[in-house]
Every structure is written in structure tokens, then in C-alpha cells.
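Visitor: Please show me the structure, and let us then discuss some of its contacts.

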Amino acid sequence: MAGWNVGLEKQTEDIQPAALPPHRLCVPTANKPGSHRQRVDGVTLQRAWPWVCFYGLGAMIPSRLFSARLRLLEGMGRWTPSTQAVLGPGWLLPQHASPRLLSVSCADGAKHQEPRRKKLLSEKQLKRHFVDHRRVLVRGGRGGDGVSCFHSEPRKEFGGPDGGDGGNGGHVILRVDQQVKSLASVLSRYQGFDGEDGGRKNCFGRNGALLYIRVPLGTLVKEGHEVVADLSHPGDEYVAALGGAGGKGNRFFLANDNRAPVTCTPGQPGQERVLFLELKTVAHAGMVGFPNAGKSSLLRAISNAKPTVASYPFTTLNPHVGIVHYEDHQQIAVADIPGLVRGAHRNRGLGCAFLRHVERCRFLLFVVDLSVPEPWTQVEDLKYELEKYEEGLSARPHAIVANKVDLPEARARLPRLQARLGQKAIALSAATGENLEELLLRLKDLHEEHVANELARGRQPLRW
């Protein structure tokens, strides 16, 4: 039994595969020739020209595709005659062996397997990796070198210089992508593509390709303490680093007084800069309030955003933007700003990191917790923090939202709140959905006023 292939049927030299029964397929193998003969189904077989036989097939299959060998099947249980191949005496197969042992080998397929790709993060995981500031070193691509050579052709002794110029290096460009929500995907260093060197016969080198860095909407680009770009509109681009110029070939230095120049110049290095990227969330409306006031619950109630909601303060540490849809296909972006505390303008409780995202909001929603004893003090404290952080920030169009009106003690404080503030407050409950329609109507009115003011100033309003 040793040395025989599993499922092999031996055939003499004078018998062709077509002479065998039509329901069999016999494939020659690469076994060494031998002199052993045997008779199966009236056909004389020998080991000198072995064939692999299978039922139900109509084409010749090279035996190198099959990796089932007897030595691979050793130690796999009791051996019994196979019902699929024509076997001679002593040719056995494992009773419980897997059919994969007789299948096509996967050795060739393993060479062509695709490399493992980095698993994409889900939206929930991306929120955990939210980054709103990044230091980036950008360097443009280096220019290709020029070439010094002379034209060579039979029976043309003085062909002249024909060295081409090198290609220019590629630029590094920042581009706004609305699918990117934070600076977490931005690396700390970028190198532009280099230009190719020049060639003979006045061939110029290829320019380096442009390298685009995708940044979220609302990215502020600083160099030192100077603001060099404000990418606050979809599709905005900024050239962060210029590519170097390509070198000149000796053809460029051809002149009347120098008919055979040998001078060529190397390519120039690309521009190198250190930039600071700062993200300021761009939205139509920004919900501002103290911790645990119900801002995240309110955003979940009016949009499809899913910020984390819990019964402890500072549940939200990163801003979340939700889109409110109206019947006329109008969309309003509402940002959930993390909770502010007293002294936030002095960076208490990460106040400056949170207040930075309020600057880009066109109008504000002050969310007040009616369950506290004196809710009107929250509005005064919030306006004070906004004004200290940036002058005029608290004077933007706004609406006051009195949340948690479903609590018995909260509804009793509503008249006193409106009397203290001197304006109407929208009383609602984010938990039960009570009176959300009034908030949506007020939100639409504020957006229409903003669009009218922007058009009157000749500016294009923000669209989502």
C-alpha cells in the first residue's frame, strides 16, 4: 500500500483513457513507473502509467491539482474501501475522513489571498476617538533632477544636448470632507510625492501627484499663533505645503555661445511647515446648558443622533451633531455642546475646549433644568460665560428651552422662570416628548431668520 496514490487506477501503455468506461475520468499522475499489474473490470492495469479515476466528470484534470496522498491520511481512523474511486486491493480510505482531503489543493489559492485590511471603526467607536486638535508636519514632494546627456544617432556626430527637465514635486492639500467628523484620522506627518527625473531625448519627468488630507468641516488652520485658513464650507481646500521645482536638464542651458552645455540642476526640496489644526463644530444651532440638563436626550428626541445618555453629569465629552428634517426637505443641524460649569471661560472643567464649538453656531438654544430650585440662574450664568469667552457671543439669536417639565415640582417653577427672564420659555420634556412641536417650529423660525440675514449680506448660508 505504501507509495500508491489514493484513488489511483493503473493502466498499461497500450490502453488509452477513451477506452475506459464513459462514466469514468482517468487522469495521469506523476508516480514513478513500476512493473506491478492487476486486472479491474476486465482491464489490465499496471503501476507504470497510473491514472486518477472519478465518476461523473467529462474532462481530464491534471493530477497536480489534487493533494490527497496516502501519507496525509495516516492516523485518521479505520480504513475502508472508497465508494467514489475505483480502487484495487489494498487501496483504502479513512471512513471518517473529511471530503476536503480529496478536494482541490488550496496551496495555489493561498498565494492569491487578499491582504488583511484594517477593520473600519463604527460610528460609536469613532465618537470615542474624537479629536478636535492636531499638530501636523507637512512636507511637499521633492522635484526631480535634470539630466545631462547628448543626442546619439548613427551618422549624426553632433546631435546636441537632449537632457530633459525633472518633474515638479506634488503639493500637500487640506480638503474638507463632510464624511469626516473629527481629526482622529489625520496623521502627525505627511510627505508629498516626489517628481520623476528627466530623461534622454528631451523627456521631461512626471510631476508628483497631489496628496489630499481629508479634514472635517470647520477646521481652523494655524501656523504658530496666526490663523492661515478657515475651512468652514464644504469643498474648501488649502495648500498646506508646496512641492519643490524640478531640476533643469542641459537642453535648458543651450545658447548661441554655449552649443554643448553639460550643466544640469537637481530638483528642489518641497516646502516644510508645522501646522496646528483645530476643529470647531459647524452647525446651525448649538444647545448650551449645564451638565445633566437633558441636552443629549433632547437631541435624540428631535433627530437621529445617538449621543450617550446617563444619570450622571458630564456624560457628553464630545460635541454631537444631529440633523432635524422638515417636510419641505429642509435640514437644520443642531449641535449638542458638552456641559458648561461656572468659570468655564477660565478653562474650568475643560470649558475652553467646549466653548470653542459654540463659536460656529449661528443661533443658540439655552437648555434649562426645571428640576433645580432656581432655574433662571442657569441662563444668567451661561450668558456670562459666553460673553467672557468671546464678546457678543451671548447676544446671538437664541431660544430658552425649559426641560424636564414632566416632573411635578418643575411645572410649578415655569411661571416664575418666565417672569424672571422677561421672555417666553419653551417648556417640554425630552423624556416623554411633550411639546416638542413648539421647539421644532421655533427652530425653523430661527433658521429662516438666519438665512434671510446671510442673503442680505451677500453671503451663502450654511447648507447640509
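Guide: A polar contact is a pair of N or O atoms within 3.5 Å; within protein, one must be able to donate a hydrogen and the other to accept it, and residues adjacent in sequence count only if both atoms are side-chain atoms. This is a predicted model, in which local features need pLDDT of at least 70 and side-chain atom pairs count only at pLDDT 80 or more, while totals for chains, interfaces and linings use all residues. Residues are numbered from 1 along each chain as its sequence is written, and side-chain values use heavy atoms, with hydrogens and water left out.

Visitor: With which side chain does the side chain of Asp369 make a polar contact?

Guide: Asp369 lies in strand 19 (residues 363-369), strands being DSSP runs of E of at least two residues and helices runs of H or I of at least four, numbered from the N terminus. Its relative accessibility is 8%, so Asp369 counts as buried (under 20% relative accessible area; 1.4 Å probe, protein chains only). At 3.3 Å, the polar partner of the Asp369 side chain is the side chain of Lys404.

Visitor: Are helix 3 and helix 7 roughly parallel or roughly perpendicular to each other?

Guide: The axes, lines fitted to C-alpha atoms over the stretch in contact, with angles from 0 to 180 degrees between N-to-C directions, are 11 Å apart for helix 3 (residues 295-302) and helix 7 (residues 436-456). The packing angle is about 85°, and angles of 65 to 115 degrees count as roughly perpendicular. Helix 3 and helix 7 are therefore roughly perpendicular.

Key: Angles under 35 degrees count as roughly parallel, over 145 as roughly antiparallel, 65 to 115 as roughly perpendicular and the rest as oblique. Buried means under 20% relative accessible area, exposed over 50%, partly exposed in between (1.4 Å probe, protein chains only).
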